[in-house]
Amino acid sequence: MKSGGNLSDLPTYVLIDVSNIRSCCLNTCNFRIDFNKLMNYLKQKYPKLQDARYYEGIAKGDKNKNLEFKKLEKLGYSIKSLSRKSYINKAIIKNIECRKCHHKNRVTVLPQSKKLKSNVDVFLATELLEIAFSAKKPIHIILFSCDGDYAEAIKSAVKNPNIYVTVIATPPIKDPEKNTLSSRLKQLYKEIPNQYQLSNISIIKNYIS
């Protein structure tokens with residue numbers, strides 16, 4: 001930004017990786033995001049808020065989630081959902097030899113499991129780049145996520161000199177079981193310090209929890 005400039009004065013686009021930031025806040029900072037409060041905070045903090053996009057997967061036939069989405073739309077969010085697809089993780093079976101009799105036994109190391117995935121991160125990254133590449137004047141993109149997979153998209157976005165990106169994420173902590181912030185998002189500040197900043201979400205905890 002030019003001397004005296006303020007990111008809050010720019011047209012602002014907010015992109016929220018809901019499943020990621022919600023679970024990260026619970027795991028690292030021990031609080032749950034209230035999306036009603038979050039919207040109020042965004043409107044007050046960023047008077048030129050253009051859009052707040054809520055990215056989350058949904059299982060087929062999930063009526064409760066659809067009702068939740070409708071309530072969020074009334075609050076002002078743009079709902080960006082994808083259907084969750086089922087993926088099968090095959091069982092891992094190994095032959096383990098008995099040390100005494102040398103008989104080989106087939107042992108299931110990990111049982112077969114089913115995983116639901118919607119790939120909203122790809123959806124979000126694509127729209128982030130669409131916003132960035134079409135910007136003719138300075139704009140501010142805010143990303144709520146701790147996922148390092150967005151690092152490359154951010155690096156591409158700021159090739160447009162009109163783009164400023166803020167990632168709002170959980171703080172780095174020493175406990176590896178509770179640390180949820182990707183080191184790739186931390187590293188970005190060294191690579192693109194003039195157009196990127198990383199903000200600690202716990203600073204605004206009292207406004208959004």
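Visitor: Among contacts between residues at least 6 apart in sequence, what percentage join residues at least 24 apart?
Guide: Contact here means heavy atoms within 4.5 Å. This is a predicted model, in which local features need pLDDT of at least 70 and side-chain atom pairs count only at pLDDT 80 or more, while totals for chains, interfaces and linings use all residues. Residues are numbered from 1 along each chain as its sequence is written, and side-chain values use heavy atoms, with hydrogens and water left out. Of the contacts in the chain between residues at least 6 apart, the share that joins residues at least 24 apart is 74%.

Visitor: How many helices and strands does the chain have?
Guide: Helices (H or I, at least four residues) and strands (E, at least two) are DSSP runs, numbered from the N terminus. By that count, the secondary structure comes to 7 helices and 10 strands.

Visitor: In what order do the strands of the open sheet stand?
Guide: Two strands pair if DSSP finds at least two bridges between them. The open sheet is formed by 6 strands with parallel pairing, in the order 3-2-1-8-9-10. Strand 3 and strand 10 (196-200) each have a single partner strand, so one side of each has no neighbour in the sheet; the edges are therefore strand 3 and strand 10.

Visitor: Which handedness has the β-α-β unit made by strand 2, helix 3 and strand 3?
Guide: Strand 2 (residues 49-58) and strand 3 (residues 78-83) run parallel and are joined by 6 bridges; Tyr 54, for instance, has Ile 79 as its bridge partner in strand 3. A crossover is right-handed if, with the strands pointing away from the viewer, the path from the first strand over the helix to the second runs clockwise. The unit of strand 2, helix 3 (residues 63-75) and strand 3 is right-handed.

Visitor: Is Ser 199 buried, partly exposed or exposed?
Guide: Ser 199 lies in strand 10. Leaving aside neighbours within four places in sequence, Ser 199 is in contact with Thr 166, Val 167, Ile 168 and Ala 169. Buried means under 20% relative accessible area, exposed over 50%, and partly exposed in between (1.4 Å probe, protein chains only). Because its relative accessible area is 27%, Ser 199 is partly exposed.

Visitor: What is the phi of Asn 30?
Guide: Asn 30 lies in the loop between helix 1 and helix 2 (35-45). Asn 30 counts as exposed, at 65% relative accessibility. Although Asn 30 is not a glycine, its phi is positive, at about 60°.
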